[in-house]
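User: Hi! I'm new to this structure and would like to learn how to read its features. Could we go through it together?

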Amino acid sequence: SALDMLRQTQKRLATFPISDVKTRVQVLDILGASLLSQEDIPDAEAAIDGASQEAVKLRAFDPERLRSRLLVNWVLLSRGQTDRTRAEVDRLLEDMRRFESAFPEDFAGAWRIRSAVAIADKDSGKAISSALAARRIAESRLGMHHNQSVLALVDLSSAYGLAGRWDLALKTAEQAVRRGLETYSNSETHPNVLKARVAFAQALAASGQPTRGIRMAQAAIEDLSALFGPSSQLVGLDLATLAEMQMRAGQWLAARQSMERSRSILARHFRVDSPAYASLKRLRSEIELGAHP
């Protein structure tokens with residue numbers, strides 16, 4: 001599998017290190033990003049840590065050093081450490097604007113991280129403005145059918161949802177699904193299309209169609225489980241989203257079951273002292289209170 005090949009590459013790099021620093025950073029960055037896309041967070045973290053340690057030997061404006069910093073932020077976000085990510089990504093964006101040397105996909109990605117942190121902070125204004133910035137950069141510099149352009153729409157839908165602007169959330173998520181299908185050869189099970197499908201499901205449920213939204217989210221989670229395994233982080237995150245949708249629809253038993261599955265998965269990925277884990281516990285408590293008033 002692709003994941004097996006990436007892991008073999010990681011082992012070869014440990015045995016036969018690359019002498020040139022920039023090349024070593026570049027290869028580790030690619031490896032780390034690829035492992036993240038395959039939901040192998042521990043191995044991705046190891047590769048990205050290695051790249052970050054080497055990258056300090058490069059000039060501050062070197063795009064590979066900036067990319068390493070970006071990937072460190074993605075790992076922090078994957079571990080639920082939004083408190084650490086908040087300050088780091090703001091500094092990274094400041095340097096990216098100052099140096100003007102970052103790869104455009106990384107510049108868009110940094111804005112997407114800032115939007116994700118703002119969503120965790122319940123700051124809808126910053127979440128929307130950051131997602132709009134990511135979309136603008138991605139569409140103008142990378143094209144409408146680049147990964148970042150698709151994912152920026154997914155993030156923007158979530159940001160609109162946080163603000164309670166569910167009409168815009170629904171419209172944006174529907175656009176994300178449509179563009180994702182155009183981008184990935186009509187594959188409904190491409191990871192980025194699956195993310196768009198969950199965003200669309202959430203917007204549907206909040207817009208007066210809870211049954212349809214919940215059914216759509218369940219189908220997307222089944223596809224994610226088949227793709228990455230039932231204990232992947234994305235499955236855990238989407239189960240939490242599903243639990244909240246079921247709770248809002250008054251489906252307390254189903255919400256409790258989804259929440260328990262989510263918690264058992266995300267406990268392996270999030271640090272127990274992270275803000276994301278604390279947020280997960282709050283949602284669990286809310287569901288428990290509703291199920292046993």
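Analyst: Gladly! Axes are lines fitted to C-alpha atoms, for helices over the stretch in contact, and angles run from 0 to 180 degrees between N-to-C directions. Helices are DSSP runs (H or I, at least four residues), numbered from the N terminus. This is a predicted model, where local features need pLDDT of at least 70 and side-chain atom pairs count only at pLDDT 80 or more, while totals for chains, interfaces and linings use all residues. Residues are numbered from 1 along each chain as its sequence is written, and side-chain values use heavy atoms, leaving out hydrogens and water.

User: At what angle do the axes of helix 2 and helix 4 cross?

Analyst: Two packed helices are described by the angle between their axes and the distance between the axes. Here, helix 2 (residues 21–37) and helix 4 (residues 63–78) have axes that come within 10 Å and cross at roughly 30°. They are therefore roughly parallel (angles under 35 degrees).

User: Which residues of helix 2 and helix 4 make the contact?

Analyst: Contact means heavy atoms within 4.5 Å. Helix 2 contributes Lys22, Val25, Gln26, Asp29, Ala33 and Leu36, and helix 4 contributes Glu64, Arg67, Ser68, Leu71, Trp74 and Ser78.

User: How many aromatic pairs does a search of the whole structure find?

Analyst: Rings of Phe, Tyr and Trp (its six-membered ring) pair if their centres lie within 6.5 Å, and planes over 60 degrees apart count as edge-to-face. The search finds one pair. The ring centres of phenylalanine 61 and phenylalanine 99 are 6.4 Å apart with planes at 65°, so this pair is edge-to-face.

Terms used. Helix = DSSP H or I, 4+ residues; strand = E, 2+ residues; numbered from the N terminus. Parallel < 35°, antiparallel > 145°, perpendicular 65-115°, else oblique. Phe/Tyr/Trp six-rings, centres within 6.5 Å; stacked < 30°, edge-to-face > 60°.
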